[in-house]
Protein chains: 2
Amino acid sequence: MPMNAPAFPLEALAPIDARPDRDSFTISDLCAEFSVTPRALRFYEDEGLIGPERRGTARIYSHRDRARLAWILRGKRVGFSLAEIREMIDLYDVGDGRSTQKQFTLERCLERIELLENQKRDIDAHITELQQFVELLKSSD
Amino acid sequence: MPMNAPAFPLEALAPIDARPDRDSFTISDLCAEFSVTPRALRFYEDEGLIGPERRGTARIYSHRDRARLAWILRGKRVGFSLAEIREMIDLYDVGDGRSTQKQFTLERCLERIELLENQKRDIDAHITELQQFVELLKSSD
DNA sequence: ATCGAGATTGACGTTCACGTAAGGGGAAGG
DNA sequence: CCTTCCCCTTACGTGAACGTCAATCTCGAT
């Protein structure tokens with residue numbers, strides 16, 4: 001959230017609907033849908049987070065690319081850096097690896113889950129604190 | 001979260017225990033307790049997030065300062081920028097303001113609460129997705 | 001008196017996640 | 001053919017949040 005942070009950078013994102021109407025998406029399609037800039041998508045590509053096909057030089061995003069983008073953005077919203085997100089993507093991609101690799105992947109996943117649950121606790125604490133303050137404001141008329 | 005992000009930047013932080021043994025804290029006391037650097041604390045001070053007393057030139061942190069620091073750090077962990085955190089601190093500090101001000105503050109608080117609840121939804125989605133992947137890993141022996 | 005540990009203030013450097021020109025290609029419409 | 005529009009790449013700039021020296025200062029202990 002650093003960067004050019006607006007007052008309220010996070011918005012609700014529906015669990016992503018399928019869009020069977022379309023077969024592929026342009027960069028501006030996805031930019032419009034997810035409220036990101038082309039620059040951001042190209043940056044994610046440079047960082048190895050996503051790899052759309054090309055028609056000539058133009059990027060063509062598949063449904064899978066679109067879903068992955070949604071996943072990336074949600075990862076960002078819950079506070080992961082792009083490096084961390086790529087790492088997680090890589091974990092997913094070694095699903096066919098050796099057993100020791102799989103064990104490693106599994107442990108990382110469990111760590112992440114614990115991390116996220118700690119974060120939920122932080123958020124709950126913040127929420128209750130804000131709610132108490134709201135009550136205080138309401139009562140002091 | 002940016003900056004020199006380690007693999008797992010977030011750690012559980014107990015709801016902060018009172019520490020009635022101490023009467024005040026030095027900068028390195030708080031640094032050790034909260035795992036931050038002196039540079040960070042001085043930076044927060046430059047940004048107006050905290051304002052400890054001085055004994056000569058040295059900073060003396062009170063219990064209130066310590067609690068505020070804990071609050072700041074939790075704010076960071078849930079994804080707020082320092083500017084946003086300071087804004088919230090300012091909101092708390094105008095509890096004696098006029099009615100219109102109070103109304104404004106109240107709306108901002110409610111917005112923030114909604115924001116945090118959206119974030120909780122994102123986190124839940126992420127968790128369930130990771131758990132599904134864990135199950136997949138476990139089952140593919 | 002001095003010595004080292006820990007405090008201070010600048011001031012410049014760094015990383016992340018893009019923003020922002022600057023310049024150019026290709027298709028479509030008038 | 002020229003303009004418009006959308007796409008591309010290259011490259012330098014930027015804001016947030018510190019890191020990292022460097023040069024003091026100060027205070028308790030030897």
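Reader: Which atom of DNA strand D is 2.8 Å from an N or O atom in the side chain of B:Lys76?

Author: In this predicted model, the side chain of B:Lys76 brings an N or O atom to 2.8 Å from DNA strand D. A:Arg42 also has a side-chain N or O atom at 2.8 Å from a phosphate oxygen of DNA strand D. For B:Lys76, the atom of DNA strand D in question is a phosphate oxygen.

Reader: How far from a phosphate oxygen of DNA strand D does a backbone N or O atom of B:Leu82 lie?

Author: B:Leu82 is among the residues that come nearest to DNA strand D, in a list that also names A:Ser28, A:Arg59, B:Thr37 and B:Tyr44. The atom of B:Leu82 concerned belongs to the backbone, and its distance from the phosphate oxygen is 2.7 Å.

Reader: What is the distance between a polar side-chain atom of B:Arg54 and a phosphate oxygen of DNA strand C?

Author: On DNA strand C, the side chain of A:Thr37 places a polar atom 2.6 Å from a phosphate oxygen, and an N or O atom in the side chain of A:Lys76 is likewise 2.6 Å from a phosphate oxygen. For the polar side-chain atom of B:Arg54, the distance to a phosphate oxygen of DNA strand C is 3.2 Å.

Reader: Which helix supplies the largest share of the surface near DNA strand C?

Author: DNA strand C is surrounded by 19 residues, and the closest of them are A:Thr37, A:Lys76, B:Ser28, B:Arg42 and B:Arg59. Of the atoms of DNA strand C that come within 4 Å of the protein, sugar and phosphate account for 67%. The residues of the surface near DNA strand C comprise eight nonpolar, five polar and six charged. Four residues, the largest share of that surface, come from H2(A).

Reader: How many charged residues does the contact of H3(A) with H4(A) have?

Author: The crossing of these two helices is right-handed. H3(A) contributes A:Arg68, A:Trp71, A:Ile72, A:Gly75 and A:Lys76, which meet A:Leu82, A:Ile85, A:Met88, A:Ile89, A:Tyr92 and A:Asp93 in H4(A). Sorted by class, the contact has seven nonpolar residues and one polar residue, and the number of charged residues is three.

Reader: What term describes how H4(A) is placed relative to H5(A)?

Author: Helix H4 (residues 82-93) of chain A and helix H5 (residues 99-139) of chain A have axes 10 Å apart and pack at an angle of about 135 degrees. That angle is why the term for H4(A) relative to H5(A) is oblique.

Reader: Is the crossing in which H4(A) passes H5(A) left-handed or right-handed?

Author: From H4(A), the contact is made by A:Glu84, A:Glu87, A:Met88 and A:Leu91, and from H5(A) by A:Phe104, A:Thr105, A:Arg108 and A:Arg112. These residues divide into three nonpolar, one polar and four charged. The crossing in which H4(A) passes H5(A) is left-handed.

Conventions. Residues numbered from 1 in each chain as written. Chains lettered and ligands numbered in written order. Predicted model: local features only at pLDDT ≥ 70, side-chain atom pairs only at ≥ 80, totals over all residues. Heavy atoms only, no water. Axes fitted to C-alpha atoms, helices over the stretch in contact; angles between N-to-C directions. Parallel < 35°, antiparallel > 145°, perpendicular 65-115°, else oblique. Left-handed = near helix turned anticlockwise from the far one by under 90°. Contact = heavy atoms within 4.5 Å. Nonpolar A, V, L, I, M, F, W, Y, C, P; charged D, E, K, R; others polar. Near = heavy atom within 4 Å. Polar contact = N/O pair within 3.5 Å; in protein donor to acceptor, adjacent residues only side chain to side chain.
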